[in-house]
Structures are given as C-alpha cells and as structure tokens.
Amino acid sequence: MKNILIVGGAGYIGSHAVVNLQESGYNCIVLDNLSEGYRDAVKCDHFVQGDINDTNVLNYVFQSYDISTVMHFSAYINVGESVVDPQKYYKNNVQSTLNLLSAMVDNKVKNFIFSSTCAIFGNPQYLPLDEDHPQAPINPYGMSKFMVEKILEDYSKAYNLKYVALRYFNAAGAHPTVRIGENHRIETHLIPLVLKTLTGERKDIKIFGTDYDTPDGTCVRDYIHVCDLAEAHKNAIELLDAGNESYQINLGTGVGHSVKEIIAACEEVTGMRVPVVNAPRRAGDPASLVATSGGLAKRLLNFNPKFIDIRETIRTAWDWERNKEY
Ligand code: UFG
C-alpha cells in the first residue's frame, strides 16, 4: 500500500482528497497545523499536527513513513487579503513550500502534487483558458502560486523531482456521503455566502459588479465540484508513477456560470428566496474565468467531472451548510 503525505489534509480540498485516496486503497498521512483546517475533517488514522516550516517535523514524517507522493494543499487563498498583506502570502505560500520541497529533496521523496490556481492567468486574453494561455497574475495570491510553479520547473530539472501542478478553477460543493465540506474561518466564496443568507447566518449577498462585459453583467466562473478535484489528484499520482515527466494542468468543467445564475440555482435547489444587494466591483476580479473542457486534464488524467449540473454541486453544499459537523 502506498503512503501519501497530504499537507493541509484538514482543509477543504485536502480533506476530500484524503477520503478519495483512502477509498482507492492508498494510506494517507495528514500533516496540518490546524491554522485554517479542522481536526474533525481528517478522515484517516495518521494525523500529525505540525507546520511545514518546521524541518524537524518534516524529517520526522519522511523518516517515519515511506512516502511515495506529497500533496500540498496548505495555502492562504483570500485574493483581497493578499493585496493588503502580500508578505503573509509570500511567506506562507512560497517560503513554506520551499521548506517542504527542501525536506523532500533531502529525504529523496520524488513525487509532488501542487494546488495551483487559474488565478495565475490574470485577466484572460482569450477564453476558454487552456494551459498555453500567457500567465500574468494580477494579485499576490496568484503570483505566489505562479512563483511556486516556476520553482517547480527548476527543481524538477535539477533535483529529479516530478510534479503535477493542478490549476483549479472555482472549487465548490461538499462530499455527498462523508460529513466534510467547506468551512473557511473567514468565508469569501460565493456559493457558501449565498447559502448562509438562507440559514440566517448572513443578511444578504452582495453582487460585486453588474456592469461586466458578460451576458448578464455579472462575473462568470467555472465551478468544479471538490470531489471531482479529489479524483483528479488521485489520477495525478498514477500519472507520476507511470512516467518521468512533470505537468501543469488546468482543472475546470468547461462550463461557466454568472453570479446571478449561481444565485438563481441556489434559489431553485433550496426553494427559498436569496436577499440580493447590488454592490460595486471587487478589486482584482476578471470578468470571466472558464477552463477548456477535454484538454490536458482529460487526456492525461482521464478527467471526467461527475458533477456537471451546477444544481447538483449546490445541493451537496446546501446539505453540508445545514448539517455542518465542524
Ligand atoms: N462574488 C460576489 N459576492 C460575494 C462573493 C463573490 O459577487 O459575496 C463574486 C465574485 O466577485 C466573483 C464570483 O462571485 O465574481 C466568485 O467569487 P469567489 O470569491 O467565490 O471566487 P473567485 O472567483 O474569486 O476565486 C478566485 C480564483 C480561484 C482561487 C480563489 C481563491 O478564481 O482560482 O480565488 O479564493 F482559488
């Protein structure tokens, strides 16, 4: 049985990856400092509470378990905050990752799966976004992920490290059967915020900009179910195990939905009316971000998202939002 180290396995996407990997027969070891994640989200037996800045902890994990692949989910993800406090982002998302990579090199662990983002593209020059689209991040969050991608290019050549950088579009939804889901300590994402207006946790949802160059004037995003993302990670392990190359792969559904469409879909799923307020644009938001479908993800990862109807994705998020366990 292969041992996979999941850094950030107590967080939103990492916890779903753990469940998927265990179901597929991998042995998961979660390393998380619990600054953003939750102990209750870790659905495997091996949990180490620790920080990837702590080389002793990393050496302990690498020397205790014969790790075949490292997955790295721990990062700060709030775009707006990254503009106000870039240091926090470069320290956590770049410097800490360097420390993790150094420990991997020292302990001769070769395979790395990295959580990257479509935010590395900045304002799209064309849509849908394929892997060859020019990369020009417009905020420190996107830049921090871009920098790690570049570091990985160099490390893979110099240190024989193999990696897959998976560039997520908008992760959404929750596990349909295991009680894990999205619960950021400071929530900024559209779908959970809309649903919180329906549980009474928030008064209303602000639509950030209604004058974009999109069909209904609101921003368009590609919402991909977190379980489909998790499946892609498992397939990325197999891709690395099978060959000697590294890859950068976009992960979206290929379908875009506007903010207004998401709100309408939430109303349809819940049968409730969402209180909406029109607000100014949010700084740093591109009008549309949509992935190509059937690109590298399909070819290399056999990626076939199961959640295509956005209402199904929202239904899982709604189930979770009403019955959260942490
Ligand atoms: N939005 C609103 N009102 C809100 C929250 C969001 O109108 O209260 C709009 C945003 O302006 C945006 C869309 O809903 O147009 C989606 O916003 P999210 O905050 O849910 O997600 P982002 O599109 O900002 O996601 C981006 C990148 C991801 C990255 C993520 C990190 O696209 O790759 O930020 O949080 F991972």
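1. Two strands are said to pair if DSSP finds at least two bridges between them. Helices (H or I, at least four residues) and strands (E, at least two) are themselves DSSP runs, numbered from the N terminus. Under these terms, S6 and S11 run parallel and are joined by five bridges. Within S11, leucine 251 is the residue opposite tyrosine 168.

2. The model is predicted: local features need pLDDT of at least 70 and side-chain atom pairs count only at pLDDT 80 or more, whereas totals for chains, interfaces and linings use all residues. Residues are numbered from 1 along each chain as its sequence is written, and side-chain values use heavy atoms, with hydrogens and water left out.

3. The strands S6 and S11 belong to an open sheet of seven strands, in the order S3-S2-S1-S4-S5-S6-S11, with parallel pairing. Strand S3 (46–49) and strand S11 (247–251) are its edge strands, each pairing on one side only. From one strand to the next, the twist averages 20°. Axes here are lines fitted to C-alpha atoms, for helices over the stretch in contact, and angles run from 0 to 180 degrees between N-to-C directions.

4. Helix H7 packs on this sheet, where it touches strand S1 (3–7), strand S4 (67–72), S5, S6 and S11; contact means heavy atoms within 4.5 Å. The direction of H7 makes about 160° with that of S6.

5. How many of the 17 residues of H7 are buried? The number is 13, so H7 is largely enclosed by the rest of the structure. Buried means under 20% relative accessible area, exposed over 50%, and partly exposed in between (1.4 Å probe, protein chains only). The length of H7 (residues 226–242) also agrees with expectation: at 1.5 Å a residue the helix should span 24 Å, and its end C-alpha atoms are 25 Å apart. The expected span is 1.5 Å times one less than the number of residues.

6. A second open sheet has three strands in the order S12-S9-S14, and its pairing is mixed. Its edge strands, each pairing on one side only, are strand S12 (257–258) and strand S14 (288–289). Strand S9 (residues 220–221) runs parallel to S14 and is joined to it by two bridges. Valine 220 stands opposite serine 288 of S14.

7. Around the ligand there are 23 residues, of which Ile77, Thr117, Lys206, Arg221 and Asp285 come nearest; a residue counts as near if one of its heavy atoms lies within 4 Å. Which part of isoleucine 77 lies 2.6 Å from an oxygen atom of the ligand? In isoleucine 77 this is a backbone N or O atom. In arginine 221, a side-chain N or O atom is 2.7 Å from a ligand oxygen atom. Histidine 189 places a polar side-chain atom 2.8 Å from an oxygen atom of the ligand.

8. The peptide bond from leucine 127 to proline 128 is cis, with omega near -5°, and proline 128 lies in the loop between strand S5 (111–117) and helix H5 (140–159). Asparagine 160, in the loop between H5 and strand S6 (162–168), has a positive phi of about 65° although it is not a glycine. Asparagine 160 is exposed, with a relative accessible area of 51%. Asparagine 302 has a positive phi near 55° and is found in the loop between helix H9 (296–301) and helix H10 (310–322). Asparagine 302 is likewise exposed, its relative accessible area being 59%.

Note on methods
Polar contact = N/O pair within 3.5 Å; in protein donor to acceptor, adjacent residues only side chain to side chain.
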